[in-house]
Structure formats: structure tokens, C-alpha cells
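Please read the points below alongside the sequence and the model.

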Amino acid sequence: AGGGGGEGKKILVVGTSPDFPPFEYIAKNGSVVGFDIELIRLVAKKAGYDDIEIRTMDFDALIPALEQGQIDVIAAGMTITEERKQRVDFTIPYWQVDQAILVRADSEFRPKSVEELSGKTVGVQTGTTAADYLNKIVEEKGLNINIKEYSSYVLAVNDLIAGRIDAVMVDTPVAKMFEKQYKDKLVISAVIETGEKYGFAVRKGNTELLDKLNKALEDIMNSPTWDELVQKYFGS
Ligand code: ARG
């Protein structure tokens, strides 16, 4: 990776899964936008890159693409986990989230805990911490939850609205965006505190890039630009 731009231009190739508003999603005009995209663009500029190039793929394809050199960095609301740290290096954290359970507003089903998901079908995106969490809980507590995995959260939410599944488990800020987007159709019934932190990921051992990104990210997080960005995507 690193190519793709014009002559001698320094391009940072960014991989993302644009089904995750407000962090990364597809705008009406077809372009990939969101908090992560804008942030990584600012970080790249500050780190000396002329531009970024966005490559979209399913979330579970991001780490393999990074390892294979198809992208330089992952910007995808990716939670920093011990398991992932075996394969990639993460920047300093830039956001913190929990998990939310989304259900249909017109149904009576209002689970307040994961136990109450027993006997139900719950949608998650493949390869996410929500999928890991549910798989683990099913194993540990012997709960009878039917976990349905989707390549994208947008598809999971569509199936929930259509009544094909009973709930979706997704990161809290994203659940809030879907709730807002599908007002009267979706509602958050519970939040499960997982305290996950997002970081950008680079190839394992790519300390040169990691150091540059960390420095730029820290600078931006300590500047007024950060507050403007937060306000733009999370302000009401
Ligand atoms: N934070 C969760 C994880 O790291 C979900 C991320 C999903 N991101 C996306 N762009 N679809 O597993």
C-alpha cells in the first residue's frame, strides 16, 4: 500500500467498513464520511501525508487487508483488544463506548439484560466485539441465544426493522444514531457496560507510522479542532 496517488504524492491508504454511523457511513452522494474518516484525514495531514485514500470492505476483512499490505491503517471504530493486539498495533485511544441492545419500537420485547435475550435471535456484525461478547456469554452462561452474523450492521438493522430478528447488539453511539435515523421504529432497551476504547490500527511492528499517527492524534485531541469535530458528529 501507500501508492494510488499522483506522482510523488504521499498517500495514506485507510481501510474501513462504512456501516457504522456516525464513525463511518456512506453519505447520500455515495462518498464515505464520518467521524473516523474526518479524524484520520486530519491526523494524516498533520503526520505529513498529502492525502488519504479510502478502501471499503467488510469489518472482518480489515485486519487481513492490513496484514497483507493492502491498506496502511484501519479507521473503523475498532476496539482495542488483547486478541487484536497480537496481530496489529493500535494508536492511543480516541473514543470510549459500551454495547447497546436495539429492539423494535412497536414490539413489547424490552430486554434489560443479556439473560433476557434467551430464546431470541440477535444480530451482530461478523468479527466485532459484540459478536465475541455474545458468543462468550452463550458459552459461559449456557444461554440459548441465536446469534445471527451479518457482513454489515446496516443489514442487521434492516432485518431488525423487517421483523426477521429480535434485537441487534452494537456499540452505544452507533445504536443511538440508528435510533435517531429510524425514529419510531427502533429503540435502545439496554446498555451493557463493556468500556471499550477505539484506536486506529497499523501493521504490527510499523512503529514509524504508529509514532507519527500517535503524535498527530495527540496534538489534534488537545486542540480546538477536536471539540469542533466532536460537536459536529455527536452534538445534538
Ligand atoms: N467496536 C466494535 C469492534 O471493534 C465494532 C466495530 C465495527 N466497525 C465498523 N466500522 N463496522 O469490534
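1. Helices (H or I, at least four residues) and strands (E, at least two) are DSSP runs, numbered from the N terminus. The model is predicted, so local features need pLDDT of at least 70 and side-chain atom pairs count only at pLDDT 80 or more, while totals for chains, interfaces and linings use all residues. Residues are numbered from 1 along each chain as its sequence is written, and side-chain values use heavy atoms, with hydrogens and water left out.

2. Helix α3 spans residues 82–85 and contains Glu83. Glu83 has a relative accessible area of 60% and is therefore exposed (over 50%; buried is under 20%, partly exposed in between; 1.4 Å probe, protein chains only).

3. Glu83 belongs to a surface patch of negative charge together with Asp58, Asp60, Asp132 and Glu149. Patch members have over 30% relative accessible area and no salt bridge, like charges being joined within 9 Å. A salt bridge is a side-chain nitrogen of Lys or Arg within 4 Å of a carboxyl oxygen of Asp or Glu. The charge is placed at CG of Asp or CD of Glu.

4. Five strands form an open sheet of mixed pairing, in the order β5-β1-β6-β13-β7. Pairing requires at least two DSSP bridges between two strands. Strands β1 (residues 11–16) and β6 (residues 73–74) run parallel, joined by 2 bridges; Val14 has Val73 of β6 as its bridge partner.

5. A further open sheet has 3 strands, ordered β2-β3-β4, with antiparallel pairing. Here β2 (19–20) and β4 (32–33) are the edge strands, each pairing on one side only. Between β3 (residues 24–26) and β4 there are 2 bridges in the antiparallel sense, and Tyr25 has Val33 of β4 as its bridge partner.

Definitions and conventions:
Patch = residues over 30% accessible without salt bridge, like charges linked within 9 Å, V, L, I, M, F, W, Y side chains within 5 Å. Areas by Shrake-Rupley, 256 points an atom, 1.4 Å probe, with all protein chains shown as cover. Lys, Arg positive; Asp, Glu negative; His and termini not counted.
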